Amino acid sequence: MKVTYIGHSGYLVECDNVNLLFDYYEGSIPKMDVDKKLIVFVSHFHHDHFNKGIFNLLKFYSNVSYVFSSDVQTTHEVDVLISPNEKVKFENIDIETLKSTDSGVAFLINVEGKLIYHAGDLNLWLWNEETNEDNQLMQEKFSKEIEKLKNKKIDIAFIPLDPRQEEYEFSGIEELLEKVKVKTIFPMHFWNDYSIIERYNASHEHKVMDVNRKGQTFKIKENEDA
């Protein structure tokens with residue numbers, strides 16, 4: 001697999017027979033094989049996860065499909081609208097969703113024998129300015145969803161690392177990695193603050209990929225570990 005960081009939570013995953021584009025918002029979408037199937041995923045309606053420019057891909061690629069969370073409203077044709085806690089088989093790909101702790105869904109995708117997790121905005125959103133009660137409710141919601149991944153063996157995971165959370169910036173990824181086995185971890189949603197990746201890797205056993213620029217590509221080998 002080849003993985004390209006496009007920007008914010010946007011990633012392109014190039015598999016042998018299909019390309020998967022997640023939550024495009026900003027940056028340049030790499031040129032792809034025009035003969036290969038392209039599936040575009042949108043986890044929810046927030047502007048930093050859904051850029052209507054993704055429909056322009058139809059001008060350049062003849063085999064494009066769109067898989068959207070059901071909360072996304074658009075006048076364009078969408079192949080799959082999916083709600084939280086649903087399972088769908090589409091184009092020989094098994095798609096499962098979790099309920100986001102913010103809006104929309106997180107995607108769990110089984111493609112070509114690999115399991116890929118894109119969290120969207122499913123994260124442990126704890127904030128200093130929130131009440132203890134609100135943060136406790138958020139903790140319960142997040143733990144409930146992550147528990148659904150407990151027996152999964154995820155090959156590639158795209159997980160938020162948001163520096164705006166200050167002292168809580170690692171809370172979500174820490175809990176997820178305590179409960180779920182993940183081979184390769186890509187950070188996202190870090191608002192161009194690449195220093196959070198350095199801080200995380202300097203203080204944690206489970207390392208995330210060292211993303212340091214938009215357009216950066218990574219080749220994931222069969223036996224690669226996180």
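## Glutamate 169 and arginine 199

In this predicted model, the side chains of glutamate 169 and arginine 199 are joined by a polar contact of 2.9 Å. Glutamate 169 lies in the loop between strand E11 (153–160) and helix H2. Its relative accessible area is 12%; buried means under 20%, so glutamate 169 counts as buried.

Neighbours within four places in sequence aside, glutamate 169 is in contact with Leu161, Asp162, Pro163, Ile196 and Arg199. One of these, Ile196, is also among the buried residues of helix H3 (residues 195–203).

## Helix H3

Which residues of H3 are buried? They are Ile196, Ile197, Tyr200 and Asn201. Seen down the axis of H3, these buried residues fall within an arc of 130°, so they line one face of the helix. An α-helix has 3.6 residues a turn, so residues three or four places apart point the same way.

The buried residues of H3 pack against helix H2 (171–179) and strand E12 (181–188). On the face turned away from the buried side, H3 carries the exposed residues Glu198 and Ala202.

## Strand E4

Strand E4 covers residues 37–42, and six of the six are buried, so the strand is largely enclosed by the rest of the structure. Both of its faces are covered. Lys37, Ile39 and Phe41 are buried on one side, and Leu38, Val40 and Val42 are buried on the other.

E4 has two pairing partners to describe here. With strand E3 (residues 18–22), E4 pairs in the parallel sense over five bridges, and leucine 21 stands opposite valine 40 in E4. With strand E5 (residues 64–69), E4 also pairs in the parallel sense over five bridges, and here valine 42 stands opposite phenylalanine 68 in E5.

## Leucine 122

Leucine 122 sits in the loop between strand E10 (114–118) and helix H1 (132–146). Is leucine 122 buried or exposed? Its relative accessibility is 2%, so leucine 122 counts as buried.

Residues up to four places away in sequence are not counted in what follows: leucine 122 touches Leu98, Lys99, Ser100, Thr101, Ala106, Tyr117, Phe142, Glu145 and Pro160. One of these contacts is with phenylalanine 142, which lies 20 residues from leucine 122 along the chain. The C-alpha atoms of leucine 122 and phenylalanine 142 are separated by 7.4 Å.

Notes: Residues are numbered from 1 along each chain as its sequence is written. This is a predicted model: local features need pLDDT of at least 70, side-chain atom pairs count only at pLDDT 80 or more; totals for chains, interfaces and linings use all residues. Side-chain values use heavy atoms; hydrogens and water are left out. Buried means under 20% relative accessible area, exposed over 50%, partly exposed in between (1.4 Å probe, protein chains only). Helices (H or I, at least four residues) and strands (E, at least two) are DSSP runs, numbered from the N terminus. Two strands pair if DSSP finds at least two bridges between them. Contact means heavy atoms within 4.5 Å. The arc is that of the directions from the helix axis to the C-beta atoms. A polar contact is a pair of N or O atoms within 3.5 Å; within protein, one must be able to donate a hydrogen and the other to accept it, and residues adjacent in sequence count only if both atoms are side-chain atoms.
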